[in-house]
Amino acid sequence: MASPRTVTVVALSVALGLFFVFMGTIKLTPRLSKDAYSEMKRAYKSYVRALPLLKKMGINSILLRKSIGALEVACGIVMTLVPGRPKDVANFFLLLLVLAVLFFHQLVGDPLKRYAHALVFGILLTCRLLIARKPEDRSSEKKSSPPGNAGSDGNTEEQPSLYEKAPQGKMKLS
């Protein structure tokens, strides 16, 4: 049976992957929602206007929107379907993208309700990455003594933990 940690990572990966595939597709095409697509076009125009450095670099609102959308779709597919380390790389790229989008929203002065979803999904991406990269819990493995602690007859004795060695009860102060 899969551990709760594995189930959590898989569930977050699939849910986040599907969300970013959906959001990236909305940025790329009006087929899913014409209203959302036109809203994305308007928002990205305001981002480019608020950051003139993008214009100087030759990045217009269409290129910015489509490149972010394509990256979201690609990373979302990896998060949903590809096993192993590539999920963590996709997670990292999506986290950077979410931070950039939060920066854009702050730059144009959007109210919190316009970018609350980005905050929530940024937190979920961070949690998924931390859970996935956390080392395996080894408390369930059998504790073995170091090889130098064998007794004269070859049997090993379990060493008490620091908590067991600590004095119990009240300390006498003089």
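Helices here are DSSP runs of H or I with at least four residues, numbered from the N terminus. The model is predicted, so local features need pLDDT of at least 70 and side-chain atom pairs count only at pLDDT 80 or more, while totals for chains, interfaces and linings use all residues. Residues are numbered from 1 along each chain as its sequence is written, and side-chain values use heavy atoms, with hydrogens and water left out.

Select H2 (34-50) to begin, together with H1 (4-28), H5 (85-108) and H6 (112-133): each supplies at least two residues of the lining of the largest pocket, and H2 gives the most, with six. A pocket is an open set of points, on a 1 Å grid over the protein atoms alone, where a 1.4 Å probe fits, with protein on both sides within 12 Å along at least five of seven lines; lining residues have an atom within 4 Å of a point. This pocket holds about 380 Å³ of space, and Met-23, Lys-27, Met-40, His-105 and His-117 are the closest to its centre among the 21 residues that line it.

Finally, select residues 114-131, one of the spans that the unreviewed UniProt entry annotates as "transmembrane region", where the chain is 100% helix and the end C-alpha atoms are 28 Å apart.

Key: Grid points are joined across faces, edges and corners, and a volume is the space filled by probe spheres set on the points. UniProt positions are given in the numbering used here, feature names are shortened, and annotations may be inferred rather than shown by experiment.
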